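Thanks for making time this morning.

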Amino acid sequence: MTADTPQPRAVAPARPDDSVRAVLRSPRLLTREALAGIVTTLALVPEVISFSVIAGVDPMVSLVASVVLAVVMSLLGGRPAMVTAAAGSVALVIAPLVRTHGVEYVLPTVLLAGVIQIVFGTAGLARLMRFIPRSVMIGFVNALGILIFVAQVPHLIDVPWIVYPLFALTIAIVVLLPRFTTVVPAPLVAIVVVTVIVVAAGLTDVHTVGDEGPMGGGLPGLTPWLVPLSPETLGIILPTALSVAFVGLMETLLTAKLVDDITETPSHKGKESWALGVANIAAGAYGGIAGCAMIGQTVVNVKIGRARTRVSTLAAGLFLLLLVTGLSSVMARIPMVALAAVMMVVAITTVDWHSVRPSTLRRMPVPETLVMVVTVGVVVATNNLAIGVAVGVLLAMVLFARRIAHVIRVERTVEPAAGDSARVRYDVVGPLFFGSSNDLVEHFSYADDALLAESSGVAGAHTHAESLEVTGVSTTASPDGEEARRTARPEATVLVDLSRASVWDASSVAALDSVGTKFAAHGLAVEFVGLDERSGSFHGRLTGQLGG
C-alpha cells in the first residue's frame with residue numbers, strides 16, 4: 001500500500017441518539033415507528049383497563065398512569081422500543097393492599113417502590129440478571145405466550161356467532177397482509193377494518209373496549225395525599241412497596257433481555273432500573289398507580305410493528321393521551337375480538353417452538369428441561385411471571401449445585417520416598433464448595449496410610465501432635481492447647497495436591513482442616529500444595545480458625 005492510497009477510516013459504533021435522529025430525518029422510518037406505537041396503544045388499552053379492575057382502582061387512573069410511564073420511560077429508559085405501562089403483575093401485588101386498607105394507600109406505596117427501584121438501579125444491582133439461566137428465560141418466554149393466549153380466550157366464549165367470522169377476518173389480515181405490503185402494520189389495518197364493520201353494521205351485541213370500563217374524557221390531575229405520614233403508614237405500605245419494586249424490576253429486566261435478543265442490540269439495565277423508579281414516582285403523583293414493562297405489547301411493538309427506537313414508545317404514550325382526552329368515544333367502540341385476535345397471534349409468535357421440539361428435548365440435558373417446564377408451570381399456575389422466574393432460578397441453582405457436587409474426585413497414589421519409606425499422594429480434582437466438600441473427608445484412606453507409614457518406619461513422629469501443613473509450613477498445636485506456632489516441616493507422610501481444585505467457601509476450608517486432623521490422629525503429617533493464589537489466600541486466612 002503506497003502513501004497515496006486512501007486509508008480506511010474507523011467507523012464509530014452508532015449511539016442510541018443517532019438512531020433517533022435517523023428516524024426523525026426519514027419519513028419512512030418515522031412512519032414505521034409512529035404506526036408501531038399506535039398499534040401498541042390499541043393493544044395496551046383493554047389490558048390496562050382490565051388490570052385496573054384487578055387492582056381496585058378507576059380505569060382512568062391506570063390509563064393516565066400508563067401515559068406518564070410510557071412518556072417518561074421513552075425519555076429516560078435504557079431499553080429503546082420497550083413498552084412500559086400499568087401492568088398486571090403490579091396490579092396483582094397492589095390489589096390486596098387496596099382491599100384491606102383502601103385506595104388512598106396506593107400513592108405512598110408507589111412512591112416508596114419508586115425510590116427502591118432508583119436505589120437498585122444506581123447501585124448497579126441490575127447486573128444480577130446475568131445469573132438467570134437460559135432455561136429459565138426460555139420458560140419465561142413460553143409461559144408468557146401461554147398467558148397472553150389464555151387471557152384472550154374469554155373474549156371468544158359465550159359470544160354471539162358473528163364474533164367468530166370477525167375473529168377469522170382479523171387473523172387473516174394479520175397473517176396475510178404482510179405478504180403484500182409492510183408499509184402499514186397489519187394489526188392496525190385489521191383493527192380498523194373490523195371496527196368499521198361493527199360500527200357500520202350496527203353490531204351492538206359485539207363486546208367492545210368501552211364494555212371493559214368507563215371511558216370518560218379528561219385528566220384526573222395530581223394524586224392527593226390522604227394518609228397520615230407516620231410509622232404506622234410505613235409499616236402498612238413497606239411490604240407491598242418492596243413487592244411492587246422487585247416484581248416490576250424483574251419483569252422489566254427480563255423483558256429488556258428479551259428485546260435485546262429480538263433486536264440484537266444491547267440495553268443499559270441499570271439505567272432502565274432507575275428510570276423505572278423515576279417513572280413510577282411520576283405516575284404515582286400524576287395518575288396514581290405503578291407499572292413496569294408490558295411484555296405482550298412490547299412484542300407487538302418490536303416484532304409486529306418492527307419498532308427499534310424510543311420514538312415508537314413516545315408515540316404510543318402520546319397517542320394514548322390523545323385517546324384518553326379527546327378520542328375516548330372512538331376507543332370505546334373498538335371490538336374486543338379484534339384485539340384478542342391480534343394478541344393471540346402475538347402469543348403464538350412469542351413461544352419458542354424450537355425449545356419444545358422432540359429433537360431438541362432429546363438433546364437437552366434433563367435438568368435444563370425440568371427447569372424450563374417448572375418455570376412455565378409455576379407461571380401459569382400463579383399467573384405471575386416473577387414468581388415463576390424466582391422458582392425457576394432457585395431450582396436451577398439447586399440442580400446445578402447437585403450436579404457439580406458429584407464432579408469432585410480424589411486419586412490416591414503411593415510414591416517412593418527417601419530410603420525405604422513411602423509417601424502417599426492424593427490428587428483432588430474439581431471445585432470445592434459446600435456441596436462437594438461435605439463428604440471430602442471420606443475420600444481419604446487414613447488407616448491404610450497409617451499402616452503404610454508404620455511399615456516404612458515413619459509412623460509415630462506426629463502421634464501426639466495435631467498438624468495441618470500448607471505449602472511447606474506446618475501449624476502445630478500442643479495437646480495442652482498452647483497457641484499454634486509455625487515450624488519448618490520435615491518430609492510429609494501424606495501429600496494432598498490441590499492444583500486441579502479450587503477452594504470457594506468456608507465449608508471447604510473446614511473440610512480440609514478435618515482431613516488434616518484425621519491424619520494427625522493417625523500419627524501422620526499432611527501437606528496441602530498446589531492452591532492457586534486466590535484459593536491459597538482464602539485458605540490461609542481461615543484455616544485453623546473455624547473451630548471443631
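Let me begin with a definition: angles under 35 degrees count as roughly parallel, over 145 as roughly antiparallel, 65 to 115 as roughly perpendicular, and the rest as oblique. The angles run from 0 to 180 degrees between N-to-C directions, with axes fitted to C-alpha atoms, for helices over the stretch in contact. Helices are DSSP runs of H or I with at least four residues, numbered from the N terminus.

What we have is a predicted model, in which local features need pLDDT of at least 70 and side-chain atom pairs count only at pLDDT 80 or more, whereas totals for chains, interfaces and linings use all residues. Residues are numbered from 1 along each chain as its sequence is written, and side-chain values use heavy atoms, with hydrogens and water left out.

Turning to the packing, helix 5 (residues 106–122) and helix 10 (residues 269–285) have axes 7 Å apart at an angle of about 165°, and the two are therefore roughly antiparallel. Their crossing is left-handed, meaning that the near helix is turned anticlockwise from the far one by less than a right angle (clockwise would be right-handed). The contact, counted as heavy atoms within 4.5 Å, includes Leu-107, Val-110 and Gly-114 of helix 5 and Gly-270, Trp-274 and Gly-277 of helix 10. Its residues divide into eleven nonpolar, nine polar and no charged, where Ala, Val, Leu, Ile, Met, Phe, Trp, Tyr, Cys and Pro count as nonpolar, Asp, Glu, Lys and Arg as charged, and the others, Gly among them, as polar.

How do helix 7 and helix 14 cross? The axes of helix 7 (residues 163–176) and helix 14 (residues 336–350) come within 9 Å and cross at roughly 45°, which makes helix 7 oblique to helix 14. That crossing is right-handed, and among the residues that meet are Phe-167 and Ile-171 in helix 7 and Ala-341 and Val-345 in helix 14. By class, this contact has eleven nonpolar, one polar and no charged residues.

Helix 6 (residues 134–152) and helix 16 (residues 366–382) also cross, at roughly 35°, with axes coming within 8 Å, and this crossing is right-handed.

Finally, confidence: the mean pLDDT, the predictor's confidence in each residue from 0 to 100, is 81 for the chain, and 86% of its residues reach 70 or more. Over residues 1–17 pLDDT stays under 50, and the model has two contacts beyond four places in sequence for that stretch.
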